[in-house]
Amino acid sequence: MQFLGISIDVATLTQMAIDLSGRLLLALLIFFVGKWIGNRLVGLAKRIMARSHLDNTAANFLGNLLYGIMLVAVILASLNKLGVNTNSFVAVLGAAGVAIGVSLKDQLSNLAAGVLIVIFRPFGRGDYVEVGGKTGTVLDITLVNTRIRTTNNHEIIIPNGDIMTSASTNYTSLPTRRVDIEVGIGYEADIRAARAVLVATAKAHPHVLTDPEPSVVVTALADSSVNLLLRVWADNEHWYGVQTDLLEAVKYALDDAGINIPFPNRTIQIEGLDMDKLTKLLQANAAADQSSKDKVDKP
């Protein structure tokens, strides 16, 4: 067959068209079937993550990430069935991934740390924690950062990478918490009497738990005092109130019992000082002050 002076083999052309159509249909079939399977697998993965009580933010992110990976794989398989060399695409994607990873390494580190936080749950919303050197109540946990509110109502945003690379303390992960009240008494005071006063004061508080019972131990024989430590237990929600209440109540109870809370005393001895000269100097200064006062008061 001649077309514009060009010989065309109709049989070959027909066969090529049939082959191309077949590959195109097969590629489309791979794409749509692969996409359908990907949606079903992602949905199944999200349901599994929901049953495991994984945070919704992390579940959605991981589900979308899984879907994107499967979609790229399906597209590459479809292009490969059409006869397109996908090696170059894979190389380009790999190079792009490396470039993005290098330029966003800090954000990717925070992202990975956020996934670990929502998976392993070292703390949750509403917990009172110390993370990244900051202390406060957790407001929100995202995949990049964590927001906490301090006791003076300041909102602090901490990158998740900083949280995962440093020690963190969760003060409310357990239902109860110990309150430590340290107080010093004079060396002349009776430790047993002071212990009885402190224990009775603690037991009188309505939010102090009876199990474990309040206890008092001697922690130090200091320079000016015998240091006692009152240890009581309270529920997390009452911890701060118990601490402040006992600090005040212990002071009043010791005063009522006649037990002194001493303060540091120092005796200073100066060698080589002539007391007569010091006395005359002090008298001269006092006279000068009186003279200045009389001049000011004189009309």
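Visitor: Is Arg147 buried, exposed or partly exposed?
Guide: Quick note: this is a predicted model, where local features need pLDDT of at least 70, side-chain atom pairs count only at pLDDT 80 or more, and totals for chains, interfaces and linings use all residues. Residues are numbered from 1 along each chain as its sequence is written, and side-chain values use heavy atoms, with hydrogens and water left out. Buried means under 20% relative accessible area, exposed over 50%, and partly exposed in between (1.4 Å probe, protein chains only). Arg147 has 24% relative accessibility, so Arg147 counts as partly exposed.

Visitor: Which side chain does the side chain of Arg147 make a polar contact with?
Guide: Arg147 sits in strand E5 (residues 145–149); helices (H or I, at least four residues) and strands (E, at least two) are DSSP runs, numbered from the N terminus. Contact means heavy atoms within 4.5 Å, and, leaving out residues up to four places away in sequence, Arg147 touches Thr137, Val138, Leu139, Asp140, Glu155, Ile156 and Ile157. A polar contact is a pair of N or O atoms within 3.5 Å; within protein, one must be able to donate a hydrogen and the other to accept it, and residues adjacent in sequence count only if both atoms are side-chain atoms. At 2.8 Å, the partner of the Arg147 side chain is the side chain of Glu155.

Visitor: What is the phi of Asn153?
Guide: Asn153 lies in the loop between E5 and strand E6 (155–159). With a relative accessible area of 58%, Asn153 is exposed. Asn153 is not a glycine, yet its phi is positive, at about 65°.

Visitor: Which side chain is joined to that of Asn160 by a polar contact?
Guide: Asn160 belongs to helix H5 (residues 160–164), and its relative accessible area is 0%, so Asn160 is buried. Not counting residues up to four places away in sequence, its neighbours include Asn110, Ile117, Val144 and Thr146. The polar contact spans 2.8 Å, and the side chain at the other end is that of Thr146.

Visitor: How far apart are the C-alpha atoms of Val183 and Leu198?
Guide: Val183 is in strand E8 (residues 176–185) and counts as buried at 9% relative accessibility. Beyond four places away in sequence, Val183 touches Leu198, along with others including Val250 and Leu254. Val183 and Leu198 are 15 residues apart along the chain, and their C-alpha atoms are separated by 9.7 Å.

Visitor: Are H6 and H7 parallel, antiparallel, perpendicular or oblique to each other?
Guide: The axes of H6 (residues 191–203) and H7 (residues 239–256) come within 10 Å and cross at roughly 135°. Axes are lines fitted to C-alpha atoms, for helices over the stretch in contact, and angles run from 0 to 180 degrees between N-to-C directions. Angles under 35 degrees count as roughly parallel, over 145 as roughly antiparallel, 65 to 115 as roughly perpendicular and the rest as oblique. H6 and H7 are therefore oblique.

Visitor: Which residues of H7 does H6 meet?
Guide: From H6, the residues involved are Val197, Leu198, Thr201 and Ala202. On the H7 side they meet Leu246, Ala249, Val250, Ala253 and Leu254.

Visitor: Is the peptide bond from Asp211 to Pro212 cis or trans?
Guide: Pro212 is placed in the loop between H6 and strand E9 (215–221). Omega for the bond from Asp211 to Pro212 is near 0°, and the peptide bond is cis.
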